[in-house]
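Biologist: I would like to go through this structure step by step. Shall we bring it up and begin with a single residue?

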Amino acid sequence: MTIGKALKQLRLHAGLTQDQMAAGIISESYYSKVERDIHNIDAKLLIDILRVHGFDVISFFNKIYHQPAKSNPDFEFMTQIDQAKKKKDLEGLNKITREIQNRGGTNPLFIYKYDWN
């Protein structure tokens, strides 16, 4: 998967517009071209965009290189977990846990090791 396609997938999953995803770090126009694989993006700018939205950088790069992180659930679950943590949504975390277990995964206890304050 390309960086552009992974960014688009992440953005759509988070319910963000391209302008919101660009977060003032790069222009919406340039960001749009990154998503369409017309322009490349500097690593620092990419990491800045991921961090401003609270997305897991390591999971993002694992998704691109098809190397699943052994200690983390898949990329989609990491994004859902990050969003639920931001909202302090314990029921959302419970729902994610059940879904992981239904798919045969182990109980992701690390999602509960979070400082809610």
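Biologist: In which helix is the place of Arg-11?

Modeller: Arg-11 lies in helix α1. Please keep in mind that this is a predicted model.

Biologist: Is Arg-11 buried or exposed?

Modeller: Arg-11 has a relative accessible area of 8%, so it counts as buried, the cut-off being under 20%.

Biologist: Which residues is Arg-11 in contact with, leaving aside neighbours within four places in sequence?

Modeller: Arg-11 is in contact with Leu-16, Thr-17, Gln-18, Met-21, Tyr-31 and Glu-35.

Biologist: And what does Met-21 touch, not counting residues up to four places away in sequence?

Modeller: Besides Arg-11, the residues that Met-21 touches are Leu-7, Leu-10, Leu-16, Tyr-31, Ile-49, His-53 and Phe-55.

Biologist: Which residues have the most contacts inside the largest nonpolar core?

Modeller: They are Leu-7, Met-21, Tyr-31, Leu-50 and Phe-60, in a core of 17 residues. Two or more residues of this core come from each of α1 (3-14), α2 (18-22), α3 (28-35), α4 (43-52) and α5 (57-64).

Biologist: Which residues does the second core include?

Modeller: That separate core has six residues, among them Phe-77, Ile-81, Ile-96 and Ile-100.

Biologist: Changing topic, how many helices and strands does the chain have?

Modeller: There are seven helices and zero strands.

Biologist: What share of the residues is buried?

Modeller: Of the 117 residues in the chain, 36% are buried.

Methods:
Residues numbered from 1 in each chain as written. Predicted model: local features only at pLDDT ≥ 70, side-chain atom pairs only at ≥ 80, totals over all residues. Heavy atoms only, no water. Core = buried A, V, L, I, M, F, W, Y, C linked by side-chain atoms within 4.5 Å. Buried < 20%, exposed > 50% of the residue type's maximum accessible area, 1.4 Å probe, protein only. Helix = DSSP H or I, 4+ residues; strand = E, 2+ residues; numbered from the N terminus. Contact = heavy atoms within 4.5 Å.
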